[in-house]
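Have the sequence and the model side by side as you read.

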Amino acid sequence: MFEFLKKRRHEAIRALPFPDELRPWVERAVHLYPRLSAEDRRELEQDIQVFLHEKTFEGAGGLVIDDEIRTTIAAQACLLLLHRDTEVYPDLETIVVYPHTYVVDAVHRDGAVVIEGPEARLGESWQRGLVILVWDEVERDVRSHQTGRNVVLHEFAHQLDAEDGNVDGAPSLGSRKSYRAWAQVFSEEYQALGEQLQRGLASDIDAYAATNPAEFFAVVTEAFFERPSVLRARHPALYQELASFYRLDPAEL
Ligand SMILES: [Zn+2]
């Protein structure tokens, strides 16, 4: 579609009032929601509306997609976009949702997919327009956000990472100066985590982050939104890089 038509359609969608019946799902899904300003809530809801209009949800393994599933996933995904004046996941077309953790044949793979774990998958983020999620994992994260885990934030962080063409742990940052600062902080933290785990020490960043730089970015994104005070206290430089990328300071909300 022509870019200007798409923009005009998005403006029309953003101007619509947010459906009241969906708001309880947004409040439940986004733990920061009650602490957001009225203006931020409106921006989040506008992004959610564009997301719900544009993206296709497909239930797999017998799962029937309903408003709760759609709104929960859209709300968490759009939290990553707040303040960032960006399109709503322009490359993403479809979200496939399974009811439970599923097992797939690992043979049918190509280079464009981020795979979480060898067989039993919690979720996947594909470069070519597809995210796969497991509803019972999403639900678990909604119920207990103290864990610092959130599979939706994780998969959509991969989507942001992929927007520049490479899933390499660095999303589009704009200036070369920003890339340099990001690369320095992220590589130091990534290396420190690897060494800590190698010495058999416990780490406050989930060990899965040590898999590769892309997983590191996705896992620390979860921590940034779900346990911001802890991340800021223990990894202030990392927290600052994420705060300037996400244009949000969740520890201060
Ligand atoms: Zn991942």
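Two residues are in contact here when they have heavy atoms within 4.5 Å. In this predicted model, residues 24 or more positions apart account for 64% of the contacts in the protein chain with a separation of 6 or more. The protein chain has 10 helices and 7 strands. Of its 253 residues, 47% are buried. The accessible surface comes to about 12300 Å², and carbon and sulfur atoms hold 51% of that surface.

**The spaces**

| Space | Volume | Lining by class |
|---|---|---|
| Largest pocket | about 390 Å³ | 8 nonpolar, 4 polar and 9 charged residues |
| Second largest pocket | about 230 Å³ | 2 nonpolar, 3 polar and 7 charged residues |
| Largest cavity | about 50 Å³ | 6 nonpolar, 3 polar and 1 charged residue |

Let us start with the largest pocket, which holds about 390 Å³ of space. Its lining has 21 residues, and those closest to the pocket centre are Gly148, Arg149, Asp206, Val219 and Glu222. Which elements give two or more residues to this lining? They are helix 5 (135–143), helix 6 (151–162), helix 8 (213–226) and helix 9 (228–234). Domain 1 (3–144) and domain 2 (176–252) each contribute at least three residues to the lining of the largest pocket.

Trp135, Glu137, Val138, Glu139, Asp141 and Val142 are the buried residues of helix 5. These buried residues pack against helix 2 (23–29), helix 4, strand 2, strand 7 (130–134) and helix 6.

The second largest pocket is lined by Lys7, His10, Glu11, Arg14, Glu43, Gln46, Asp47, Leu81, Asp85, Thr86, Glu87 and Val88. Helix 1 gives the largest share, with 4 residues.

How many cavities of 30 Å³ or more are there? The count comes to 1. Lining the largest cavity are Ala29, Val30, His31, Leu32, Gln76, Leu79, Asn150, Leu153, Phe225 and Glu226. Helix 4 and helix 8 each supply at least two residues of the cavity lining. Helix 8 is also among the elements that give two or more residues to the lining of the largest pocket.

**Two residues with positive phi**

Most residues other than glycine have a negative phi. Asp85 is not a glycine, yet has a positive phi of about 50 degrees. Asp85 sits in the loop between helix 4 (67–79) and strand 2 (94–98), and is one of the residues that line the second largest pocket. Tyr89 also lies in the loop between helix 4 and strand 2. Tyr89, again not a glycine, has a positive phi of about 40 degrees.

Tyr89 has a relative accessible area of 1%, which is under the 20% cut-off, so Tyr89 is buried.

Notes. Residues numbered from 1 in each chain as written. Predicted model: local features only at pLDDT ≥ 70, side-chain atom pairs only at ≥ 80, totals over all residues. Heavy atoms only, no water. 1 Å grid on protein atoms, 1.4 Å probe; cavity = no way out; pocket = protein on both sides within 12 Å on 5 of 7 lines; lining within 4 Å. Points joined across faces, edges and corners; volume = space filled by probe spheres on them. Nonpolar A, V, L, I, M, F, W, Y, C, P; charged D, E, K, R; others polar. Domains from an automatic or database assignment. Buried < 20%, exposed > 50% of the residue type's maximum accessible area, 1.4 Å probe, protein only. Areas by Shrake-Rupley, 256 points an atom, 1.4 Å probe, with all protein chains shown as cover.
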